[in-house]
Amino acid sequence: MPTGAYDGVYIVGAGQTPYVKRTEKPVQRLIWEASDLALASAGLGWRDVDGLGITCFTLAPDNVTTMAEHMGLECRWLSQGLYGGASGIIGMMEAARAIQAGDAEVAVIVAADAFDVSSHMSMSRNPGQHDYMGPWGYGAANGVFALHTRLYMERYGATREDFGRFCIALRENALLNPNALFDTPLTMEDYIDARPIAEPIHLFDCVHPCCGADAVVLASEAVAARLDVPKVRMLGGGAIHNYPAHDIYAMSAGWETYRDRMFAQAGRGPGDMDFVQLYDDYPVMSFIQLEGLGFAEMGGAPALIRENDCTVRGTLPLNTGGGQLSAGQAGASGGMIGVYEAVVQLRGEAGARQVKDCEHGVVTGYGAVSYGRGPSASACILARA
Amino acid sequence: MSDKPDPRINAINRAFWDACNRDEFLLQRCKAPACGRFVYFPRVCCPYCGGGDLEWAQPSGLGRIVSFSRIHRPQHPSFFDEAPYYFIAVELAEGPLMYSRLDRDPESEDGLIGHAVKVVFADHTPKQRLPFFRLV
């Protein structure tokens, strides 16, 4: 039975801008656009908003407070995500607690960025990357996750084809998503023959930096009750940081430390999930998430992917909008694209990529890459209300 | 190439980077008797026991490769001339994990994970020399 951990809170809307390679729009405008779409899908207006959570790597010199000012919002609750791609889910968990406590009624959680390859390569200013990896020409995130990929292959016998199957399934999903950056199929030959970036990582193991934004709206039960729109509930969630503290190559970022509690909160298990929206900055991290969440044993993700159809029509739908690998990584939006996609699926509004009769799904977040890894790992279980 | 990114020198890490410029390998070590572990990267406290008493000490300079990547697309154009090269994670004999590069390409990638390495120093920018590692 669900524990009611997030009772009294509903996700009542979701919005996403198209993902594009370049834009003249400032990130502030992208934040507004996704939020405006999310509020419209909820049947709410800007004057209803009294909570705002933003994650955006390129927002400075603005911040969440000046953005509330910019958009004319009178907010009782503000939060700015400092956990990279784990921030979206953590922002929702925090907003839900604020709503439960009566500190806010309607909270917009939004992430946005306008990224290109050079901003992707140069954004890493924290000491771990800038001072203790950068001087040696580490290759930014590609180099960081090349080392995890190499070790995963060495330890578990995974092959490039195993990662390729995952990427190809995501591309098939992206072809059904009008907001996705990529609109041509990816074949195994394309994947294998792609140019090396940071071996064993090749081009299609890397996300394409782009511009876009994702938002969701959380509301109290009192507000949700008067909205005639499909609603979603958060049944469980969790986060952990810097785990395990002294083993960067544990092939884990700690999802297993709270997955049992999270699934118990939801009164559901991995087998009850109709889809999984993984934080797919690199295929290896998605594999590690599937294992950490209990969909496979450690090292078992390659077999799980081989034995399942991971498209929206398949037995294990993953990243049903194409994920970051095929819809694009709009910087901090990488931590919200899975949330947006899950909410749209559970509202039954996913169009050609709709997972039939879906009722439950799990979403992950990961990031804040520092010394050799992303220290922050989050996840939540969402359900059709 | 002088436009490579230099580390930011500060009160926490100055002793480490200054030692590199003397071709000396100097790391922090926790002075707590029950701990005594070597620490890298430089900190204000021991990340293993939480103690605040660290001293600078010379480790052996030996280690083994935990993982590696042949980097084709560096994060900064100043490295493009040197690519591809081998970026490595080294577990130092004293315990800490250190990122660095092989000073020359290996003849084969077979057996590279777990291979023994020793520290050597190499030019980075006019301001800074860096510890690299050599297969031994």
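**Exercise 1. What share of the contacts in chain B with a separation of 6 or more comes from residues 24 or more positions apart?**

Solution. The structure is a predicted model, in which local features need pLDDT of at least 70 and side-chain atom pairs count only at pLDDT 80 or more, while totals for chains, interfaces and linings use all residues. Residues are numbered from 1 along each chain as its sequence is written, chains are lettered from A and ligands numbered from 1 in the order in which they are written, and side-chain values use heavy atoms, with hydrogens and water left out.

Step 1. A contact means heavy atoms within 4.5 Å.
Step 2. In chain B, residues 24 or more positions apart account for 52% of the contacts with a separation of 6 or more.
Step 3. The corresponding figure in chain A is 77%.

**Exercise 2. Describe the make-up and overall dimensions of chain B.**

Solution. 
Step 1. Chain B has 1 helix and 8 strands; helices (H or I, at least four residues) and strands (E, at least two) are DSSP runs, numbered from the N terminus.
Step 2. Along the sequence the elements of chain B follow the pattern α-β-β-β-β-β-β-β-β.
Step 3. Chain B has a radius of gyration of 16 Å, close to the 14 Å of the globule rule for 136 residues, so chain B is as compact as a globular protein of that length. The radius is taken over C-alpha atoms, and the globule rule is 2.2 Å times the number of residues to the power 0.38.
Step 4. Along the principal axes, the C-alpha atoms of chain B fill a box of roughly 45 × 35 × 25 Å.
Step 5. Of the 136 residues in chain B, 47% are buried. Buried means under 20% relative accessible area, exposed over 50%, and partly exposed in between (1.4 Å probe, protein chains only).
Step 6. The accessible surface of chain B is about 6300 Å², and 47% of this belongs to carbon and sulfur atoms. Areas come from the Shrake-Rupley method with a 1.4 Å probe; for residues, only the protein chains shown count as cover.
Step 7. The charged side chains of chain B are 17 positive and 17 negative, with the centres of the two sets 4 Å apart. Lys and Arg count as positive and Asp and Glu as negative, without His and the chain ends; each charge is placed at NZ of Lys, CZ of Arg, CG of Asp or CD of Glu.

**Exercise 3. In the open sheet of 3 strands in chain B, find the strand order and the edges.**

Solution. 
Step 1. The order is β2-β1-β3 (chain B), with antiparallel pairing. Two strands pair if DSSP finds at least two bridges between them.
Step 2. β2 (38-39) and β3 (54-57) of chain B are the edge strands: each has a single partner strand, so one side of each lacks a neighbour in the sheet.
Step 3. Strand β1 (residues 27-30) of chain B is joined to β3(B) by 4 bridges, and the two run antiparallel.
Step 4. Within this pair, Cys30(B) has Leu54(B) in β3(B) as its bridge partner.

**Exercise 4. Which of the categories, buried or partly exposed, applies to Asp309(A), and which to Ala332(A)?**

Solution. 
Step 1. Asp309(A) lies in the loop between α12 (301-307) and α13 (323-327) of chain A.
Step 2. With a relative accessible area of 35%, Asp309(A) is partly exposed.
Step 3. Beyond its neighbours within four places in sequence, Asp309(A) contacts Gly314(A), Thr315(A), Leu316(A) and Pro317(A).
Step 4. Ala332(A) lies in the loop between α13 and α14 (337-346) of chain A.
Step 5. The relative accessible area of Ala332(A) is 2%, and Ala332(A) is buried.
Step 6. Not counting residues up to four places away in sequence, Ala332(A) touches Thr55(A), Cys56(A), Phe57(A), Ala111(A), Ala112(A) and Asp113(A).
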